[in-house]
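Trainee: I would like to go through the labels on this model and ask what stands behind each one.

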Amino acid sequence: MAARFGAAKILYALMQRWCLTIAVIGCAPAAALANDWGMGDSNSKIPPSSIFDAVSTPAHEINTVAFFVISITAVIFLIVGGLLVYSIVRFRVQPGDDGREPPQVYGSNPIEFAWTTVPVLIVLVLLLVTARTIYTVQAAARPPDALSVHVIAHQWWWEFRYPGLGVVTANELHVPLSDPKQPTPTFLDLESADVAHSFWVPRLAGKTDVIPNRKNSMWIDPQVAGTYLGQCAEYCGTEHAMMLLRVIVEPRADFDRWVAAQKQPPALDASVFHGRQVFESTACVNCHTIRGTAADGRFGPDLTHLMTRETIGAGVAMNTRDHLKVWVNDPSVMKPGALMPAMNLGDKDLDDLVAYLATLR
């Protein structure tokens, strides 16, 4: 009796845990949609990140080999499925059958040769096509005039450094539009500051692992201006799903103007002097950099031109003054598990700090 009671108690506990798990899984999407901080409306205006809608040479190459593989496997599926359907219909039980097993055929050399040779040839073709695609994408030479960007992955945001231009930004990668007549690729040198990540913008290129203590490289040559959504594609911790990024592809003239603006120090506004004092007297300076101030931290994003970015928190919220106030006050409201601590400032200091940050353009 005691054993039965114990088993029933364990079963009840398991049922409780399952019900709780189902409730959490079911309620999480609803909670996430309760306030998407403007991201749903913003992302709805950007074309979906479909791997089948490539706008860059590496993505086109991957797309081509993917369609080739799908075509071959589709033909195999149709042949096998057709033979299966034919066999089911042709050899189905007929009225008047005596129920005896039909004659069996063993050791057909032509059939065995066919089902051995054909798959080997198919695998060989797929191997050669895949190897050619990998070589085309991975072995591309870096032209002298190519734009180079140093990408550093953090938990959970992206840092972009332009060594030749003296520009540092975060989560939004700006690159020039590639001219089809004179391609101008952008080469990305990727490394991680903490754990394994993966850089992926589906319409521009395939996934590239971003690994600690190792540099990997990739390149893109986007041929259509616009904004392209990407994200980390390797589970990297609590907020992996919110380690998003945007690639803004713009004509060369617009890109040059963006670079020139990013090189400028932030404008000084006397009306937000107290907010700057709050920033410089708190832990903000240990993690963030703002050129022209005492802040030179590297742990968090560079904030010199914070308000030129469309999003904050690596794509968790649109970059508005109200959202910025929520983020600064307690990032976990928007991004549970974020490594940035809650500042716990008084209302006056919080308002003044946000007002100062809002001038960083």
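Trainee: Why is Phe-279 called buried?

Mentor: Its relative accessible area is 1%. Buried means under 20%, exposed over 50%, and partly exposed in between, with a 1.4 Å probe and protein chains only. The value is under the limit, so Phe-279 is buried. The model is predicted, so local features need pLDDT of at least 70 and side-chain atom pairs pLDDT 80 or more, while totals for chains, interfaces and linings use all residues. Numbering runs from 1 along each chain as its sequence is written, and side-chain values use heavy atoms, without hydrogens or water.

Trainee: What makes Phe-52 and Phe-67 an aromatic pair, and why is it called tilted?

Mentor: Rings of Phe, Tyr and Trp (its six-membered ring) pair if their centres lie within 6.5 Å; planes under 30 degrees apart are stacked, over 60 edge-to-face, and the rest tilted. By this rule there are seven aromatic pairs. For Phe-52 and Phe-67 the centres are 5.4 Å apart and the planes make 50°, so the pair passes on distance and falls into the tilted class. Phe-52 is in the loop between α2 (39–44) and α3, and Phe-67 is in helix α3, so the pair ties together parts 15 residues apart in sequence. Helices (H or I, at least four residues) and strands (E, at least two) are DSSP runs numbered from the N terminus. Phe-52, at 45% relative accessibility, is partly exposed, as is Phe-67 at 42%.

Trainee: How do you know which class the pair of Phe-279 and Tyr-356 belongs to?

Mentor: The separation is 6.0 Å centre to centre and the angle 55°, which makes it tilted. Phe-279 in helix α6 and Tyr-356 in helix α9 are 77 residues apart, and the pair links distant parts of the chain. Tyr-356 is buried at 6% relative accessibility.

Trainee: Why is the contact of Glu-61 and Arg-132 called a salt bridge?

Mentor: A salt bridge needs a side-chain nitrogen of Lys or Arg within 4 Å of a carboxyl oxygen of Asp or Glu. Here N and O are 3.4 Å apart, so the pair qualifies. Glu-61 is buried at 17% relative accessibility, while Arg-132 is partly exposed at 43%. The count of salt bridges under this rule is 11.

Trainee: What makes Asp-256 and Arg-252 a salt bridge, and how are they placed in the helix?

Mentor: The distance from N to O is 3.8 Å, so it meets the cut-off. The two are four residues apart in helix α5 (residues 252–263), which separates them by about one helical turn. An α-helix has 3.6 residues a turn, so residues three or four places apart point the same way. Asp-256 is partly exposed at 40% and Arg-252 at 39%.

Trainee: What makes the buried residues of α8 line one face of the helix?

Mentor: In helix α8 (residues 321–329), His-323, Leu-324, Trp-327 and Val-328 are buried. Seen down the axis, they fall within an arc of 130°, so they line one face; the arc is that of the directions from the helix axis to the C-beta atoms. Their cover includes β11 (311–312), β12 (317–318) and α9 (347–357), where contact means heavy atoms within 4.5 Å.

Trainee: How do you know how many disulfides the structure has?

Mentor: A disulfide is a pair of cysteine sulfur atoms within 2.5 Å, and a search of the whole structure finds zero. The sulfur of Cys-236 is 3.8 Å from the closest cysteine sulfur, that of Cys-232, which is too far for a bond. Cys-236 is buried at 5% relative accessibility. For Cys-284, the nearest cysteine sulfur is that of Cys-287, 8.1 Å away. Cys-284 is also buried, with a relative accessible area of 9%.
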